[in-house]
Amino acid sequence: IREMSGQSGDRPAVIQAGGGPDRVISWRELFRAAAAVRAAAEVRGGPGPAALLLAGNDPRIVPLLFGLIGKNGALPINPLLPVDACAHLLRESGA
């Protein structure tokens, strides 16, 4: 992300289309948002051994996930999956 933000800063990195006006996050915005999330998580000692984030169909989830990946990782789970499937993914991941 850092490299792409330097090379193609204003080009779209994430686009949510349909259901109204398109929402676009540039590579530069993605990098800045992810870096801010990561810095905030590190100030608090990281997201912890078990952190749950539930987000809908929103392009802002992308920088959030990238910001949390690294120290403790991130496990994206689609909340539209059946409850048993979500529970299985969480159990298998050790979250």
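Modeller: Begin with the secondary structure: helices are DSSP runs of H or I with at least four residues, strands are runs of E with at least two, and both are numbered from the N terminus. The model here is predicted. By that count the chain has four helices and two strands.

Biologist: In what pattern do they follow one another along the sequence?

Modeller: The pattern is α-β-β-α-α-α.

Biologist: How are the two strands paired, parallel or antiparallel?

Modeller: Two strands pair if DSSP finds at least two bridges between them. Here β1 (residues 12-16) and β2 (residues 23-26) run antiparallel and are joined by four bridges. Ile15 has Val24 in β2 as its bridge partner, and Gln16 has Arg23.

Biologist: How does one check the length of a helix, for instance α2?

Modeller: The expected span is 1.5 Å times one less than the number of residues. Helix α2 covers residues 27-43, so its 17 residues should span 24 Å. The C-alpha atoms at its ends are 24 Å apart, which agrees.

Biologist: Which residues of α2 are buried?

Modeller: Buried means under 20% relative accessible area, and exposed means over 50%. In α2, Leu30, Ala34 and Ala41 are buried. They lie on the same side of α2, because the arc they cover around the axis is only 25°. The face turned away from that buried side carries Arg32 and Val43, which are exposed.

Biologist: What about residues that fall in between those two limits?

Modeller: Residues between the two limits are called partly exposed. Glu29, found in helix α2, counts as partly exposed because its relative accessibility is 43%. Ala36 also has its place in α2; with a relative accessible area of 46%, Ala36 is partly exposed too.

Biologist: What does the side chain of Glu29 reach?

Modeller: The side chain of Glu29 reaches the backbone nitrogen of Ser26, at 2.8 Å.

Biologist: Which residues are in contact with Ser5, beyond its neighbours in sequence?

Modeller: Contact means heavy atoms within 4.5 Å. Ser5 sits in helix α1 (residues 2-7) and counts as buried, because its relative accessibility is 10%. Leaving aside neighbours within four places in sequence, Ser5 is in contact with Trp27, Arg28 and Phe31.

Biologist: How much of the chain as a whole is buried?

Modeller: Of the 95 residues in the chain, 18% are buried. The chain exposes about 6800 Å², of which carbon and sulfur atoms supply 57%.

Biologist: And what share of the contacts joins residues at least 24 apart?

Modeller: Among contacts between residues at least 6 apart in sequence, that share is 49%.

Technical notes
Residues are numbered from 1 along each chain as its sequence is written. This is a predicted model: local features need pLDDT of at least 70, side-chain atom pairs count only at pLDDT 80 or more; totals for chains, interfaces and linings use all residues. Side-chain values use heavy atoms; hydrogens and water are left out. Buried means under 20% relative accessible area, exposed over 50%, partly exposed in between (1.4 Å probe, protein chains only). The arc is that of the directions from the helix axis to the C-beta atoms. A polar contact is a pair of N or O atoms within 3.5 Å; within protein, one must be able to donate a hydrogen and the other to accept it, and residues adjacent in sequence count only if both atoms are side-chain atoms. Accessible areas come from the Shrake-Rupley method with a 1.4 Å probe; for residues, only the protein chains shown count as cover.
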